[in-house]
Amino acid sequence: MSEPKLIILNDAQELYVRAAEEVAHITGEAICTHGEFTFCLSGGSTPAATYDLLATRFRLSVDWKEVQFFWGDERCVPPDHAESNYAMANRMMLSKLGLRPDQVHRMRGEDPSAAAAAAYENLLRKRFGLGDGEFPHFDLVMLGLGDNRHTASLFPGDSVIHETQRMVAGVKVDAEPRNRLTVTPPVINNAQRVMFLVAGQGKAAAVKDVLEGPRDPDKFPAQIVAPHDGELIWILDKASASLLSPR
Ligand code: 6PG
């Protein structure tokens, strides 16, 4: 895995715009090379403004009919729940793009987590034509970083951090909502590109630990993200990057 590429912007607003620019660029490249763009979305609050920019200011920069949307994790709540990652992406972006229903592949947070995880694994197997032991190759996996160093729903101390076989797992985390679904590290690390979006002083210590701390994925789960052949990009603002060593 090559060194992560760090892009550090002045503030969160600039970060949101740059992230949308990067996504628009990546979609064009993927659609040109293989006719579609498989986009694995992050949840949480950070990406919301970028999703909105993609559906408004950058709407005409992307051939949206060739984009397939997936999720890296989901809370075990109904799709119209305030805490649903699908609901946030739908509100901020998907509902504005005139997509066909077959372009949106949400995790069914309303179902029991084991069944929902198995169903999403089957969806990935079918959609990517996977054989045994194979993992999907997303054009882009977008991730956030929790201040406890989690990413997706890979939380400190959870054995799923070291998962090597399953593609999707149901997990119980120490944040509300506690029951969640998450893709596993083999899925993330098989991506063409992984893009972290992290903003704000409150994330500075987490960014420092993950990028410059001792290697300890059990304590710093985001360290498990190391794409085998893909590119790893961190889009930060000065505040979230403020504890990093000068580069
Ligand atoms: C989720 C996300 C999670 C998120 C981080 C950062 O379901 O909450 O997938 O991994 O990216 O918790 O969240 P914020 O962007 O809200 O700080």
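Which of the 16 residues around the ligand come nearest? They are Ser-45, Thr-46, Asp-73, Ala-152 and Lys-203; a residue is near a molecule if one of its heavy atoms lies within 4 Å of it. The model is predicted, so to speak of local features a pLDDT of at least 70 is needed, side-chain atom pairs count only at pLDDT 80 or more, and totals for chains, interfaces and linings use all residues. Residues are numbered from 1 along each chain as its sequence is written, and side-chain values use heavy atoms, without hydrogens and water.

The shell around the ligand holds 2 nonpolar, 10 polar and 4 charged residues. Here Asp, Glu, Lys and Arg count as charged; Ala, Val, Leu, Ile, Met, Phe, Trp, Tyr, Cys and Pro as nonpolar; the others, Gly among them, as polar.

The ligand takes the space of the largest pocket. A pocket is an open set of points on a 1 Å grid over the protein atoms alone, where a 1.4 Å probe fits, with protein on both sides within 12 Å along at least five of seven lines; lining residues have an atom within 4 Å of a point. A molecule sits in a pocket if more than half of its atoms lie within 2 Å of its grid points. The volume, the space filled by probe spheres set on the points, is about 380 Å³. The lining comprises 23 residues, with Gly-44, Arg-75, Leu-145, Gly-146 and His-150 nearest the centre.
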